[in-house]
2 protein chains.
Amino acid sequence: MSFSIAEVAESSGLSIDTLRYYERIGLIDPPVRDSGGRRRYTDDDLRWIEFLNKIKLTGMSIKTMREYAALRKFGDASAGRRKQIMLDQRTDVLSRIAELQSCLDVLNYKIDNYQRVEDRLAELRGDLTEQGATA
Amino acid sequence: MSFSIAEVAESSGLSIDTLRYYERIGLIDPPVRDSGGRRRYTDDDLRWIEFLNKIKLTGMSIKTMREYAALRKFGDASAGRRKQIMLDQRTDVLSRIAELQSCLDVLNYKIDNYQRVEDRLAELRGDLTEQGATA
DNA sequence: TTAGAAGCTGGAGTGCACTCCAGGTCAAGC
DNA sequence: GCTTGACCTGGAGTGCACTCCAGCTTCTAA
């Protein structure tokens, strides 16, 4: 089974231009072409693209993803370096999660504050309405 | 008490250029100047810069931060909109945390795999050494 | 009083990750 | 056989968030 570039774009959430860009810079291997020169992606290609998408979400730079992609070509011999990249990324993700958690506190504090301001303003408007009613 | 731009840069972790850039684009109010025309930042300025830093960590764009900064000028009247911005940002942060958590699974899976490959390679090398010893 | 450090301005340059475009090819349906 | 739409290429353009620079002024310390 193989897929057109449009199908891959659809299923991966990347644009067609982005897929071609990733190929140009060596993130994706050039897929086979059909008789008319169009790209046909295999299941393997799809899985790799899904994986790229996933590690992109962790905030990995394209530079690092390219290194990782290049290392795949060396098979088991590059397992050590690839493991290291994943380890570094995990460290990164863990600290980013912690960072975001601490930001939540600030956000919540601000939200509470604005809520209080809004409540006070609503109350004031209520008072005015009452005055208007009794005047 | 007031601070030179170098001191603010030091304490905020932003560069001097970035501080001036933020001022240019309206993220930071122009601080008062000393007799020689140099910027002197107040405690209030510092607090605002710290806050900016914090919400930047949440991934808020400069565009949104600028809107938020501009809204401050309207005081309580803008509390509603500012609360909304913080609410949106909180939603964002929560989903990003969830996303990162799910990425951790992939990272862990990969790390385990590479560990297994390395273990196997180490074992093979061990065998070779033994062979070498007995040959 | 003078050298050097720190700060100033407006504007240009950078790196990243795409995104768009002009002009061309190819296959399918009418 | 001709139109239409998907796809192709190389290269230019975009938006974001800085970052750097030249050429100037001002304070400080020897």
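Glu23(A) and Arg39(A) form a salt bridge in chain A. Their closest N and O atoms are 2.6 Å apart. The two residues sit in distant parts of the chain. Glu23(A) belongs to helix H2, which covers residues 16-24 of chain A. Arg39(A) belongs to strand E2, residues 39-40 of chain A. Side chains of opposite charge can pair when their charged atoms come close. Keep in mind that this is a predicted model. Over all chains, the count comes to 20 salt bridges.

Now step back to the whole of chain A. Chain A is divided into two domains: domain 1 spans 1-73, and domain 2 spans 75-135. The contact between them takes 11 residues from domain 1 of chain A and 9 residues from domain 2 of chain A. The C-alpha centres of these two domains of chain A lie 34 Å apart.

How much area is buried between domain 1 of chain A and domain 2 of chain A? The area is about 860 Å². Carbon and sulfur atoms give 63% of it.

Which helices build the domain 1 side? Helix H3 (43-57) and helix H4 (62-72) of chain A each supply at least two residues of the side that touches domain 2 of chain A. H4(A) provides the largest share, 5 residues. Sorted by class, this side of domain 1 of chain A has 5 nonpolar, 3 polar and 3 charged residues.

Next, bring in the second chain. A rotation of 180° superposes chain B on chain A, with 0.0 Å of shift along its axis. The RMSD is 0.0 Å. The two copies are therefore related as by a two-fold rotation axis. Which C-alpha of chain B is nearest the axis? That of Ile97(B) is, at 3.0 Å from it. Both copies use the same surface: 100% of the contact residues of chain B recur in chain A.

Look at the contact between the chains. Chain B gives 36 residues to it, and chain A gives 36 residues. The area buried between chain B and chain A is about 3,500 Å². Carbon and sulfur atoms give 74% of that area.

Between chain B and chain A the count is 4 salt bridges. A salt bridge also joins the side chains of Glu118(B) and Lys83(A), at 2.9 Å from N to O.

Finally, see where the chain B side comes from. Helix H3 (43-57) and helix H5 (79-134) of chain B each supply at least two residues of the side that touches chain A. H5(B) gives the most, with 29 residues. By class, the side of chain B that touches chain A has 19 nonpolar, 7 polar and 10 charged residues.

Definitions and conventions: Residues numbered from 1 in each chain as written. Chains lettered and ligands numbered in written order. Predicted model: local features only at pLDDT ≥ 70, side-chain atom pairs only at ≥ 80, totals over all residues. Heavy atoms only, no water. Domains from an automatic or database assignment. Contact = heavy atoms within 4.5 Å. Buried area = accessible area lost by both parts, 1.4 Å probe. Helix = DSSP H or I, 4+ residues; strand = E, 2+ residues; numbered from the N terminus. Nonpolar A, V, L, I, M, F, W, Y, C, P; charged D, E, K, R; others polar. Least-squares fit on C-alpha atoms with pLDDT ≥ 70 in both.
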